[in-house]
Amino acid sequence: MEQTGNIQPAYCRICGKALAPEEQQHALGTVYCSEHVPASAPPPNAPPFNSPWTAAPSAPPPMPGPNAPGAPSPGLAFILGLIPGVGAIYNAQYAKGLIHVVIFGSLISIANADSIGDMQPLFGMLCPAWIFYMAFEAYHTARKRAEGLPVEEFSSVIPVRSDGPPVGPAVMIGLGIIFLLNNLGLLRFSQIFRFWPVALIGLGIYLLLERTRSSSSAPEATREQ
Amino acid sequence: MRRSSVVGPLILIVIGAVFLMRNFIPDFRVLDILSDYWPWLLIGWGTLRVVEILNWHRNGQLASRGGMNGGEWALVIFICLFGSGMYAARNANLFRANGINLPSWDILGERFDFAVSGTQTAVGKAPRIVIENARGDTRIMGVDTEEVRVTGTKTIRAMTRDDANKEDKSTAFEIVKAGDQIIIRTNLERASNSRQAHADLEITVPKGATIEARNGKYGDYDIENIDGAIEVNSDNAGVRLNNTGADVRIDLRRSDMVRVVNAKGNVDIKGRGQNVELENIAGVATVSGQYSGEMKFRNLAKPFRFESQNSSLRVERIEGEVELVHGRLTGRRLIGPIQITSKSKDIELSDFTSTLEIDVERGDIQLRPTRLPLSKIYARTRSGKAELILPTGAKLDLKAEVKKGQIENDFGDPFRVREDGRAATLSGTIGGGPEVKIEVDRGDIEIRKWTNEDSPMPPPPPASPVAPKTPLEVTKQ
Amino acid sequence: MNSNSLLLRALRGPLTLILIGILFVIDHNGAISFTKTWPIIIIFLGVVRLGERALLTEHAPPPPNIQGGSL
């Protein structure tokens, strides 16, 4: 028996089109329209060929299942990802590959620069750390593609949350402002860096809030029985 | 239905067309215009896409992530790198990032060499020589002669030898006498693309000449055995001077090395660069500006002054050497008064005499006076460690204060440490000597004696050699 | 997902592109070097993402109820 109060209007996860119940295609735990439902069949109206210049979706095409021929191999992606840029290129994320190369080159340049002086070990450590990040990111992206999930051009292993405090954008804006103030000479890194324990405190508070929120919703669920 | 953008491919076509035109119309200064205005290409592209997307949105055709796809971003990044590179190559003196150095536009054409030579006779013993060589290395030697002789090679990059010959004619080398000056000009600015040509010159002049090298854009100067004044002014040059008789003035916007040795006059260096070396300077020396490499100053007989954004140093005389490397200033055998201030540097001085004043915001200070008697010392660091290593027999009135930290007294009596919460002071007097004051805000202070673990005390200056006695007495030793 | 949020998301790229172009124009006219102004790009992206989220929660349906129908 349907209860109209419980049927929520659904929106396709890809294109946002409002879908009546009969139009909804359920896959991978969420709702798609018939055009964008992934994995089992390539979406209708798929472009005849995919080159970076004419590709209609900016996302690389979803691939057949993990064991089908032509599937992206996460293992191979990992190995290729150790070479700067190649991992992303393997996953057809060309711009990301280029950015990876630029970041890699910049890290090495900075690590060799004279002007950083005492911070050389830090940048020296960041180089291998970045290499492994690239490899793992290529691995995860290839795995997602092998499972048929759509993948954004600039996907990354850092999860993006759409509820709760906007960590991602807040961090970006915060970092951006800090760098800008330093570059314009208004507020140098050295003066800000003294407050590093505040970051620790902030992290603690954030985690606390996380835990109390999830623990406050769990008891409710059990109570309903 | 998903639509793909037309703008990406359009941009590609436009760029291709522009470069094609450049290849076939040699005088089309497209690259100059492109170097300056390429960012507008990005702005235009973005605007077109915004309009396109708004259009799609209105027609309900908005694709899921119809913003910019990966290929387009790759093109954007490429354009940014390429565009900045072109801009830098064209305005090498304006681009402020470190380490990017694009002296020549090495993409098109091949290199053609042309011999350069010229002579100006009967110039006297001390002519005034002016050199204008925009690009290329210039070597000047003072010899016993009364004429100016120039030889060298001009290298022109062009598509064909005919083009190169044309360029060679328009950048004719000239050496002219104008009033009391001899002017040597390579006229490279007249080339259609000013970065296509460079000239390496070798010039011999009378020893007594004065030299002025100006309007240099890129290229080194090597000058030797000149008794007259020397002035070098360039946007980007390595300068090496050896054996000069009069004042030297060097002003560079960028450089990799400035080296002046055996100078009898005053030396004044300013601008920006990497390494600086001064050795055996008989006159007053001043270095000011920003230098990112190693600086070494050895045997400067008169007062020396160094000024940069971060630090300043004043020394009456450098008998030994002073080295400024990587946020660290080391000095050995200095004659004061010495004054050092810095925002951030570690200071290590040994064997210095006369008054010393150090004021550092961040940095460690290590002082090892070895010559007695001591003079007045004032050393202060806001954040860092201060070490005072005293020789035996030192006489001083010592007062050391630390606001947040500890004092270690390895010297012993008569110095006493008194702790007061987070602060500490040490005081004591030996023989009522001059006042030595050490102040540290955050850090530690250590006072100790000179032990054998430190480098050995410098030997006393050698006595003047004595004529050897008869062989008999010598062998008795 | 609603269409305003999608629109902003799609516009994110081109608007960033225009911003980059403007920063380089400022650099080339000698005002402030790009190597100093680049953090503005990151700030801009963060602000745009905040905007996307804000538009998202404006019209989004409430999250589906965990409980099934009541008896």
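## Strand E12 of chain B and its partners

Strand E10 (residues 230-234) of chain B pairs with E12(B) in the parallel sense, over five bridges. Strands here are DSSP runs (E, at least two residues), helices are DSSP runs too (H or I, at least four), and both are numbered from the N terminus. Two strands pair if DSSP finds at least two bridges between them. This is a predicted model: local features need pLDDT of at least 70, side-chain atom pairs count only at pLDDT 80 or more, and totals for chains, interfaces and linings use all residues. Residues are numbered from 1 along each chain as its sequence is written, while chains are lettered from A and ligands numbered from 1 in the order in which they are written.

In E12(B), B:Val248 is the bridge partner of B:Ile230. E12(B) also pairs with strand E14 (residues 267-273) of chain B, again in the parallel sense and over five bridges. There, B:Leu252 has B:Gly271 in E14(B) as its bridge partner.

Which residues of E12(B) point to one face and are buried? They are B:Val248, B:Ile250 and B:Leu252. A residue is buried if 20 or more other C-beta atoms lie within 10 Å of its own, exposed if 12 or fewer, and partly exposed in between, with C-beta atoms placed from the backbone. In a regular strand, side chains alternate between the two faces of the sheet.

## Strand E7 of chain B

Strand E7 (residues 197-206) of chain B is mostly covered, with eight of its 10 residues buried. Strand E3 (residues 138-143) of chain B runs parallel to E7(B), joined by six bridges. B:Val143 stands opposite B:Pro206 in E7(B).

Strand E4 (residues 148-158) of chain B pairs with E7(B) in the antiparallel sense, over eight bridges. Here B:Ile156 stands opposite B:Ala197 of E7(B).

## A buried loop residue

B:Ala134 sits in the loop between strands E2 (128-132) and E3 of chain B. Why does B:Ala134 count as buried? Because 24 other C-beta atoms lie within 10 Å.

Leaving out residues up to four places away in sequence, B:Ala134 touches B:Thr186, B:Leu188, B:Glu189, B:Asn215, B:Gly216 and B:Lys217. Two residues are in contact if their C-beta atoms, placed from the backbone, lie within 7 Å. B:Ala134 and B:Ser234 are 100 residues apart in sequence, yet 8.5 Å apart in space, C-alpha to C-alpha.

## Two packed helices in chain A

Helix H3 (residues 94-112) and helix H4 (residues 120-146) of chain A pack at an angle of about 160°, with axes 8 Å apart. The axes are lines fitted to C-alpha atoms over the stretch in contact, and angles run from 0 to 180 degrees between N-to-C directions. H3(A) and H4(A) are therefore roughly antiparallel. That term covers angles over 145 degrees; under 35 counts as roughly parallel, 65 to 115 as roughly perpendicular and the rest as oblique.

On the H3(A) side, the contact residues include A:Phe104 and A:Leu107. On the H4(A) side, they include A:Phe123 and A:Trp130.

## Chain totals

Chain B has five helices and 31 strands. Buried residues make up 35% of its 477 residues.

Chain C has three helices and zero strands, in the pattern α-α-α along the sequence. Of its 71 residues, 34% count as buried.
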